[in-house]
Every structure is written in structure tokens, then in C-alpha cells.
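Hello,

Here is the structure for your files. My notes on what was found follow below it.

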Amino acid sequence: MPEPVARATLNPRTVRNTGGAPAQVRLKPQTSGSVRLRLAQDEVSIGPGSVLRVRGRATARHPQLIGMRMRHVLRVGAT
């Protein structure tokens, strides 16, 4: 029998360049527990003063199907 998996599409998040020059930014997903986070892009180029929307998908390997809900922390670092 296959292992249950839960999936969620994340609301788009934004990355903002507040500087005066274009920036090449590497995005790194960070998760807790048994959740995997995949981003549509892992490296983006953002113009000065621009905002870019980034989409992603989270997958939980062992979802809580019955009982109390479990919360997972999903973060995206930008360097």
C-alpha cells in the first residue's frame, strides 16, 4: 500500500530588491519535520526597486489524517 502524502500549493510570496542595482538572488527553501518544499525557481534576477513573485509546492511525507492538526514551518532564504 502506498505511503500517504499531502500536497499544498503555496500562495505566491514576494522577493523585493530595495537597492539601486539589479540583483541575482539564490532562493533556498528551509523546512521542518517531514515536509519538502520545492520552488518554481531557485535563482532569480530582480531589477532595482522591483518585486518578484515566487511560487512553490510543499509535500508532507507523513500527513496527519486523523486527530489534531500539525503545523510545519516553511521558510525561504534569499542570498
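**Notes on the model**

G19 sits in the loop that runs between β2 (13-16) and β3. Strands here are DSSP runs of E with at least two residues, helices are runs of H or I with at least four residues, and both are numbered from the N terminus. This is a predicted model: local features need pLDDT of at least 70, side-chain atom pairs count only at pLDDT 80 or more, and totals for chains, interfaces and linings use all residues. Residues are numbered from 1 along each chain as its sequence is written, and side-chain values use heavy atoms, with hydrogens and water left out.

G19 is partly exposed, at 35% relative accessibility. The cut-offs are these: buried is under 20% relative accessible area, exposed is over 50%, and partly exposed is in between (1.4 Å probe, protein chains only). Leaving aside neighbours within four places in sequence, G19 is in contact with P48 and G49. Contact means heavy atoms within 4.5 Å. G19 and P48 are 29 residues apart along the chain, yet their C-alpha atoms are separated by 5.6 Å.

G49 is in the loop between β5 (43-46) and β6 (51-54). G49 is exposed, with a relative accessible area of 57%. From G49 to A21 the C-alpha distance is 8.2 Å, across 28 residues of sequence.

**Overall fold**

The protein has zero helices and eight strands. In sequence order that reads β-β-β-β-β-β-β-β. It has 79 residues, and 19% of them count as buried. Take the contacts between residues at least 6 apart in sequence: 69% join residues at least 24 apart. The accessible surface is about 6300 Å², and 50% of that belongs to carbon and sulfur atoms. Areas come from the Shrake-Rupley method with a 1.4 Å probe; for residues, only the protein chains shown count as cover.

**Strand β4**

L39 is placed in strand β4. Not counting residues up to four places away in sequence, L39 touches L27, P29, V54, R55, G56 and V76. L39 and G56 are 17 residues apart in sequence, with 4.1 Å between their C-alpha atoms.

R36 is also found in β4 (residues 35-39). R36 is partly exposed, with a relative accessible area of 39%.

**Charges**

R36 gathers with R38, R57 and R61 in a patch of positive charge on the surface. Patch members have over 30% relative accessible area and no salt bridge; like charges are joined within 9 Å, and nonpolar side chains (Val, Leu, Ile, Met, Phe, Trp, Tyr) within 5 Å. Lys and Arg count as positive, Asp and Glu as negative; His and the chain ends are not counted. A charge is placed at NZ of Lys, CZ of Arg, CG of Asp or CD of Glu.

How many salt bridges does the structure hold? One. A salt bridge is a side-chain nitrogen of Lys or Arg within 4 Å of a carboxyl oxygen of Asp or Glu. The side chains of E43 and R26 form it, at 2.9 Å, N to O. E43 lies in strand β5 and R26 in strand β3 (residues 23-31), so the pair ties together parts that are 17 residues apart in sequence. E43 is partly exposed, at a relative accessible area of 36%.

Best regards
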